[in-house]
Amino acid sequence: MVGTLRCIHRFGKSLTNQTKLISQRHLRCFSSQAKKPPPPPRNSFQQPPLSKPLPGLENAVYADSKEENNITQVTTLSNGLRVASENKFGQFCTIGVIIESGSRYEVAYPSGISHFLEKLAYNSTSEYSDKDKILHALEKHGGICDCLASRDTFIYATSADRRGYDATVNILAEAILRPQITAQEVETAAQYIRFELETLMSRPEQENILTDMIHAAAYRDNTLGLPKICPTENIDKIDRDILFNYLKIHYVPNRMVIAGVGIEHNKLVESVERYFVDKPPIWGTKEDTRKVDNSVAQYTGGLVKEDCKIPLHMGPSGLPELAHVVIGLEACSHQDADFIPMCVLSVMMGGGGSFSAGGPGKGMYTRLYTNVLNRYHWMFNATAYNQTYSDTGLFYIHASAPPNHVRDIVDVICKEMSAMAGEVSDAELRRAKTQLQSMILMNLEARPVMFEDIARQVLAVGQRKSPTSFIRAIEKVTKADIERIAIRLLKSQPSVAARGDIKKLPTLSEIHSALLDKDGFQSKGRLSIFT
C-alpha cells in the first residue's frame, strides 16, 4: 500500500479518472474488509459466434476427398505425347515424365545404357550450362528432382511449389530432350558406375545383384533377361554417340507420358506444349529409320549361379556368412485377368528377414514368416516378390542361410511353393486381401507414388483406373482363384539364381521335381528336416 500511495502522490493531479479507479481498486484489495468486485457479465466482450463466418474474409477452400471429384484427366497432344494429371489439395505438386525405355530395349546396344542415362540425368542442357544451374532453378521453388531406370520404363520426376510448375516443366524438357552429354559427363558417369559396382560387390546385401540374376535365368538372352546393372566390360564401350543414338530412337513423344499431381490440367498442358512440342529436341525432329525392338519377352527358365564369397556385415553384428538362393516361376502381366489374384497370393506368402520379425501390419502372419522364419532358426531371410510387366511376369522367393544349409533352403522353399496350390484358410485369405487393400490406399496418400501410378497406367492402357476399382477386384478374389493361379505358376519351368558358397546347391532338374512334389526332397530320401 505504501508503494501505491507514493505513485498517487507523484502523479496525483495528472491521473485520469480511469487511473484513479484502478488505484482505488488496489487500495481495496489491501483492506481485509474489502469486498471482491462482481465478475463482468459473460457477453461484455461481444465475441462473435463461431457458427457464423467472420465479416470481410474470403470464403475458405477445403480439400475434397470424394473420388468422383478427383478424376484423372488425359490429353493427347498433336505429336502423340500424352499428358495426364489429377489435382490434389496442397502447396506442392509433383510433375514427371515416364518413358517406355529401359534395359529390356538394349538388345541392339551394349548393355548398361539405362544405367548410364540414370547417372547422366539433370546434367548440362541447351539452356542450363551445368547441373548446379538446374538445381539452383529448382531451389527457387523449393523443388527437388530424381530419376529412376527400371527394366521397362525410365522416370524423370520433380516436386516443387505449385506456383513454379512452369519452370519445373521446362527443366524436365531440357533434361530429357536437350541434354548436352559431354565427354566429361560420360567419363564422370563411368566413374560413378565403377564405384557403384565395387560397392555392390563389397556389401553383404545382394538384392540388386540377385534381381539381375533371376531375370537372366528366367528370360535368357532376351528382353527382360538383359542386365539392368551395367556389366564391367561395357563401361568403356558406351560413349556419347551410342547414348544419343539410343535417345533419338526411344525418347519420342508416342513413348512418353507426362503426369502431374497437385496441378490444374490445363496449365500443365500449356506448359508441356510450350517446352515439349514447340521446342525441338537436341537431335532434331527428323524421323529415324531404325525401329525400337518391341519383342515379346520369352520365358525360358534356367539356372544362373556364382560360387563366390559373400562379404560379412561390418561390426559386431553376429551374422554369419550367407548363401543366397532365388527360385522363380513364370507369372502374368499386369493386363492379365489373374493379375489381382497373383498380387493377393504374393501378399499371402509375404516374408522378410529373421532379424526384423515384423509387427502389426508388417506381415508377421504370412506363410513365409509362420512356416519358415519362425520354424527354422538357420533361415535368415525368406521373401516373396511378384514382378509384373506388359507381356509377362515373374513370381519368385529369395531366401538366405549359412552355406551348409543351401540344400535345406531349396527344400523348404520348394515345399512352400508347392503348398500354394493346397488349402487356403479363410483367415489368411481375408488377412492378405485386407493388407493389400490397405497398402494401396496408404501408398497413394503420398504424392510421388500417386504420380507414378498415374504415369504407369496411362502409359500402359491410356487411362487410369480408380483405387476403388482395385479394392473391389481384390475383394472378389476367392480361394479357388488362389488355387488356380498357384497351379498355373507350378506348371512353368523353374528359374533359379544362386550366389555365395553354393557347392551343395541341387541341380535344376531336382528343383523342378521338388516343386511338383509337396514333400520336397523328403519323399526321395534326401532330407529329413520335416520328420
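R367 is buried, with a relative accessible area of 8% (buried means under 20% relative accessible area, exposed over 50%, partly exposed in between, with a 1.4 Å probe and protein chains only). This is a predicted model, in which local features need pLDDT of at least 70, side-chain atom pairs count only at pLDDT 80 or more, and totals for chains, interfaces and linings use all residues. Residues are numbered from 1 along each chain as its sequence is written, and side-chain values use heavy atoms, with hydrogens and water left out.

R367 belongs to helix α11, residues 367-373 (helices are DSSP runs of H or I with at least four residues, strands are E runs of at least two, and both are numbered from the N terminus). Leaving aside residues up to four places away in sequence, R367 touches M348, M349, V372, E416, A419, M420, E423, V424 and E428 (contact means heavy atoms within 4.5 Å).

## Where α12 meets α17

Now to a helix pair. The axes of α12 (residues 406-419) and α17 (residues 508-515) come within 8 Å and cross at roughly 35°; axes are lines fitted to C-alpha atoms, for helices over the stretch in contact, and angles run from 0 to 180 degrees between N-to-C directions. The crossing of α12 and α17 is right-handed, meaning that the near helix is turned clockwise from the far one by less than a right angle.

On the α12 side, the contact is made by R407, V410, C414, M417 and S418, and on the α17 side by E510, I511, A514 and L515. By class, this contact of α12 with α17 has 6 nonpolar, 1 polar and 2 charged residues (Ala, Val, Leu, Ile, Met, Phe, Trp, Tyr, Cys and Pro count as nonpolar, Asp, Glu, Lys and Arg as charged, and the others, Gly among them, as polar).

## The largest cavity and I181

The largest cavity is lined by 17 residues, and L120, A121, A175, P179 and I181 lie nearest its centre. Here a cavity is a set of points, on a 1 Å grid over the protein atoms alone, where a 1.4 Å probe fits but cannot get out, and lining residues have an atom within 4 Å of a point. The lining has 11 nonpolar, 4 polar and 2 charged residues, and its largest share, 3 residues, comes from α5.

I181 lies in the loop between α5 and α6 (183-202). I181 is buried, at 5% relative accessible area, and has a positive phi of about 50° although it is not a glycine.

Technical notes: 1 Å grid on protein atoms, 1.4 Å probe; cavity = no way out; pocket = protein on both sides within 12 Å on 5 of 7 lines; lining within 4 Å.
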